[in-house]
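Here are my notes on the model, point by point. Please keep the structure open while reading.

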Amino acid sequence: LILPVGIRGAYAALPRSAKFPRLRKITVVVGTPVDIAAHLPEQPTSDDFAASAEWIRQHVLELLNQPV
């Protein structure tokens, strides 16, 4: 199972150039668990895994675009 999680505001709280975190609002959005094995063939190829990773990435982006 994969649990998609989106984190909004982390860069504002701790940019690369900062030595210490800043007080900023950080929002964590948790999606529903996904059984990716159910969507893969019995002998998955690297292309199958790449497609699954892209699908998960899109799902996380959708989570982040939802209003809080």
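1. The chain exposes about 5500 Å². Carbon and sulfur atoms supply 60% of that area. Accessible areas come from the Shrake-Rupley method with a 1.4 Å probe, and for residues only the protein chains shown count as cover.

2. Ground rules. This is a predicted model, where local features need pLDDT of at least 70, side-chain atom pairs count only at pLDDT 80 or more, and totals for chains, interfaces and linings use all residues. Residues are numbered from 1 along each chain as its sequence is written, and side-chain values use heavy atoms, with hydrogens and water left out.

3. Layout. The chain has two helices and two strands. Their order along the sequence is β-α-β-α. Both kinds of element are DSSP runs, numbered from the N terminus: helices are H or I with at least four residues, strands are E with at least two.

4. Overall dimensions. The radius of gyration, taken over C-alpha atoms, is 16 Å. A compact globule of 68 residues would have a value near 11 Å; the rule is 2.2 Å times the number of residues to the power 0.38. The C-alpha trace spans about 45 × 25 × 15 Å along its principal axes.

5. Buried residues make up 22% of the 68 residues. Buried means under 20% relative accessible area, exposed over 50%, and partly exposed in between (1.4 Å probe, protein chains only). Of the contacts (heavy atoms within 4.5 Å) with a separation of 6 or more, 54% join residues 24 or more positions apart.

6. Nonpolar patch. Leu3, Val5, Ile7, Ile26, Val28 and Val30 make a nonpolar surface patch of about 520 Å². β1 (5–8) and β2 each give two or more residues to this patch. Val28, for one, sits in strand β2. Patch residues have over 30% relative accessible area and no salt bridge; like charges are joined within 9 Å, nonpolar side chains (Val, Leu, Ile, Met, Phe, Trp, Tyr) within 5 Å. A salt bridge is a side-chain nitrogen of Lys or Arg within 4 Å of a carboxyl oxygen of Asp or Glu.

7. Ser52. This residue is in helix α2. Ser52 counts as buried because its relative accessible area is 10%. Leaving aside residues up to four places away in sequence, Ser52 touches Ile36 and Leu40.

8. Asp35. The loop between β2 (27–30) and α2 (46–65) holds Asp35. Asp35 is partly exposed because its relative accessible area is 40%. Asp35 and Leu23 are 12 residues apart in sequence, yet 36 Å apart in space, C-alpha to C-alpha.
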